[in-house]
Amino acid sequence: RLAPEHPFPAALEDAVAAYEGLLADGHEPADLVIAGDSAGGGLTAATTLRLRDLGRPLPSALVLFSPWTDLSLAELGPEPPGEPMITRPWVAECAGYYLRGHDPRDPLASPVFGDLSGFPPTLIQVGSDEVLLPDSQRLHAGLVDAGVESILSIYPGRWHVFQTHAGMLADADRALAEVGSFVGRR
């Protein structure tokens, strides 16, 4: 379900249900990786928090592309000149639609505020020229502080979810190769 028709926590509930469905179908957690980009990257982290708190087995790894992990916008970066996709006003409007008055510092909405202990190994990829760079940096720092294996790959001069340009952009190809290697080791 999508906001604004279905605000928080609908997407989180659906993501947890989808993962639970995979487990019910016999998929082993060691064979699963959860990945997401932008708001989906934040949802990936929030889903992992919820699954951990429910005592469910976690996936073998997480892959986050330019994750949006702080809907309070407390440390949202400046709009870099190379950012073609996301503006501060647009991010604020989206947060409002999703939260509908809910506390933006709730870790299940903004996982950067959560206890990240027990997370699986995590790969975070982000461009240096995007407004969500601080979210990636803060999430990575929180994971490392919690003793989680976390890799933060910042691609210089790249924009929000630049990986979608694979096949046309060498950095996108390199980023996806990094994902393949990271996931393959798990």
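1. The protein chain has five helices and four strands; helices (H or I, at least four residues) and strands (E, at least two) are DSSP runs, numbered from the N terminus. Along the sequence they follow α-β-α-β-α-β-α-β-α. The model is predicted: local features need pLDDT of at least 70, side-chain atom pairs count only at pLDDT 80 or more, and totals for chains, interfaces and linings use all residues. Residues are numbered from 1 along each chain as its sequence is written, and side-chain values use heavy atoms, without hydrogens and water.

2. On overall form, the radius of gyration is 16 Å, close to the 16 Å from the globule rule for 186 residues, so the protein chain is as compact as a globular protein of that length. The radius is taken over C-alpha atoms; the rule is 2.2 Å times the number of residues to the power 0.38. Along the principal axes, the C-alpha atoms fill a box of roughly 45 × 40 × 30 Å.

3. Burial next. Of the 186 residues, 46% count as buried (under 20% relative accessible area, 1.4 Å probe, protein chains only).

4. Contacts (heavy atoms within 4.5 Å) reach along the sequence. Of those with a separation of 6 or more, 76% join residues 24 or more positions apart.

5. Strand β1 spans residues 33–37. Its covered face holds I34 and G36; V33, A35 and D37 lie on the uncovered one. In a regular strand, side chains alternate between the two faces of the sheet.

6. β1 runs parallel to β2 (residues 61–65), joined by five bridges; pairing takes at least two DSSP bridges. G36 stands opposite L64 in β2.

How values were computed: Buried < 20%, exposed > 50% of the residue type's maximum accessible area, 1.4 Å probe, protein only.
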